[in-house]
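Trainee: Before we look at details, may I ask how such a model should be read, feature by feature?

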Amino acid sequence: DFAGYDLIVVGSGFFGLTVAERAASQPGKKVLILERRSHIGGNAYSEQEPETGIEVHSYGAHLFHTSNKRVWDYVNQFADFTDYQHRVFAKVGEQVYSFPMNLALINQFFGKSHSPDEARELIAKQASEFDTDAAQNLEEKAISLIGRPLYEAFIRGYNAKQWQTDPKNLAANIITRLPVRYTFSNRYFNDTYEGLPVDGYTAWLEKMADHPNIEVRLDVDYFDVREQIPAGTPTVYTGPLDRYFDYSAGRLGWRTLDFEREVVPTGDYQGTAVMNYNDADVPFTRIHEFRHFHPERDYPKDKTVIVREYSRFADENDEPYYPINTPENREMLERYRELAKNEARERNVVFGGRLGTYKYLDMHMAIGSALTVFDNKIGPHLADGAPLDGSLDV
Ligand code: FAD
Ligand code: UDP
């Protein structure tokens with residue numbers, strides 16, 4: 001039965017859960033969450049590896065970080081956070097480097113110590129081949145920032161594996177996720193707040209849904225029940241945008257990941273949570289060792305869980321993980337955005353989240369965006385029937 005709900009939320013990831021929680025906390029509003037999988041939480045879901053009890057993030061490692069005070073205060077209502085700080089190391093040839101690119105990496109790579117000024121001068125010289133502002137694609141942008149030697153060692157091979165797309169055909173902004181620092185600082189994120197949920201991701205996600213006005217139905221695909229939902233029921237859809245429109249403007253391209261999990265008979269496999277493998281001839285992109293996300297926990301000392309990550313194009317049966325930022329996909333996305341606008345006007349359906357907007361959103365961005373969409377559209381609609389259309393954040 002799908003009648004009697006003030007809001008239907010399709011998908012129980014952070015976007016859907018945030019909207020549902022906000023709506024449910026308005027007096028008397030009833031929310032129904034439909035989730036295709038047999039668990040809530042979307043890709044942030046985690047589970048205990050049965051042999052070791054080590055928490056493994058089932059859809060890839062998830063690190064929470066944000067500089068948005070509102071988001072930080074909001075998430076702290078549902079979870080306590082550890083003081084975990086993410087650091088990444090990168091293996092090239094027989095060497096392990098401290099990542100992202102920083103003075104330690106530069107000194108080790110060029111076999112000589114440099115002061116910050118000397119390192120700047122060295123990289124500026126190597127980077128002069130392209131002008132950053134004029135860079136047209138990922139390769140030019142990367143070389144304009146770090147020069148060719150570092151690009152070839154740390155970026156080219158990794159990108160070839162991660163995207164299997166010619167870097168000349170990838171948008172330049174992918175690389176802005178990777179800063180270059182002329183200090184020895186190797187924190188991966190620059191954000192004000194960072195940590196991992198003390199009791200794990202799943203406890204956090206369940207707490208968000210734990211409200212008398214929220215009902216969650218698992219193992220329900222929206223498209224199997226859509227006809228049974230009363231017409232015009234306000235709906236927030238966080239599934240794949242192109243699927244909603246039966247791929248009428250074509251299939252948006254996605255990358256998926258294969259995770260190869262192994263329990264290894266040692267208390268410590270690699271000494272850190274994540275090791276990138278930057279060489280093109282190693283088939284995986286990185287190895288996560290999950291015990292290192294929670295050094296405060298009492299995990300077994302004779303076993304550890306590692307997960308090798310492989311990246312490839314998603315076909316229709318694969319989990320879509322990363323949108324592919326190519327001109328063809330961006331064009332298709334424009335057409336879907338137009339369709340989405342109509343859908344809001346005609347059927348009260350609002351699109352949101354990573355799949356619903358075809359945008360790579362970190363968790364804090366999905367939550368922040370959901371809070372904004374709630375404030376600007378869904379809240380006013382539930383309060384006094386304000387129309388759900390208007391400028392859409394898709
Ligand atoms: P999702 O979590 O994808 O949730 C969408 C939900 O909708 C899913 O549960 C899906 O089953 C459901 N659904 C889809 N279609 C239907 C349907 N037809 N009917 C019913 N249900 C449906 N973010 C970070 O901040 N830090 C990280 O370190 C980080 N690492 C990541 C690593 C990987 C490999 C990936 C893929 C993402 C990572 N993220 C990370 C991003 C994070 O996963 C997203 O920000 C978050 O999942 C977004 O939430 P969402 O609700 O938009 O989407
Ligand atoms: N990247 C790279 N070399 C690395 C790590 C990352 O070239 O060793 C590039 C690559 O384009 C990748 C992007 O930086 O897609 C973002 O990487 P990050 O690990 O931060 O993102 P994630 O895959 O965890 O979302």
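Mentor: Let us begin with P100, which lies in the loop between β7 (95–98) and α3 (103–110); helices (H or I, at least four residues) and strands (E, at least two) are DSSP runs numbered from the N terminus. This is a predicted model, in which local features need pLDDT of at least 70 and side-chain atom pairs count only at pLDDT 80 or more, while totals for chains, interfaces and linings use all residues. Residues are numbered from 1 along each chain as its sequence is written, chains are lettered from A and ligands numbered from 1 in the order in which they are written, and side-chain values use heavy atoms, with hydrogens and water left out.

Trainee: Which peptide bond joins F99 and P100, cis or trans?

Mentor: The bond between F99 and P100 is cis, with omega about -15°. For another backbone feature, turn to D219, which has a positive phi of about 55° although it is not a glycine. D219 is found in the loop between β9 (214–217) and α8.

Trainee: At what angle do the axes of α1 and α12 cross?

Mentor: Axes are lines fitted to C-alpha atoms, for helices over the stretch in contact, and angles run from 0 to 180 degrees between N-to-C directions. Here, α1 (residues 14–24) and α12 (residues 363–384) have axes that come within 8 Å and cross at roughly 40°. A crossing is right-handed if the near helix is turned clockwise from the far one by less than a right angle, and left-handed if anticlockwise; that of α1 and α12 is right-handed.

Trainee: Which residues in α1 and α12 meet?

Mentor: With contact taken as heavy atoms within 4.5 Å, F14, F15, T18, V19, R22 and A23 in α1 meet residues in α12 that include M363, A366, I367, F374 and L382. By class, this contact of α1 with α12 has 13 nonpolar, two polar and one charged residues. Ala, Val, Leu, Ile, Met, Phe, Trp, Tyr, Cys and Pro count as nonpolar, Asp, Glu, Lys and Arg as charged, and the others, Gly among them, as polar.

Trainee: How many residues surround ligand 1, and which are the closest?

Mentor: A residue is near a molecule if one of its heavy atoms lies within 4 Å of it. Ligand 1 is surrounded by 34 residues, the closest being E35, H62, L63, L361 and M363. Polar contacts are pairs of N or O atoms within 3.5 Å. A backbone N or O atom of M363 lies 2.7 Å from an oxygen atom of ligand 1, and one of L63 lies 2.8 Å from an oxygen atom of ligand 1. A backbone N or O atom of R36 is 3.1 Å from a nitrogen atom of that ligand. The protein covers 97% of the 1000 Å² of accessible area that ligand 1 has on its own (Shrake-Rupley method, 1.4 Å probe).

Trainee: Which helix gives the most to the shell around ligand 2?

Mentor: Helix α6 (residues 148–163) does, with six residues. Of the 16 residues around ligand 2, F154, N159, Y188, N278 and Y322 come nearest. A polar side-chain atom of N278 lies 2.9 Å from an oxygen atom of ligand 2, and an N or O atom in the side chain of W163 is 3.0 Å from an oxygen atom of ligand 2. Taken alone, ligand 2 exposes 520 Å², of which the protein buries 93%.

Methods. Polar contact = N/O pair within 3.5 Å; in protein donor to acceptor, adjacent residues only side chain to side chain.
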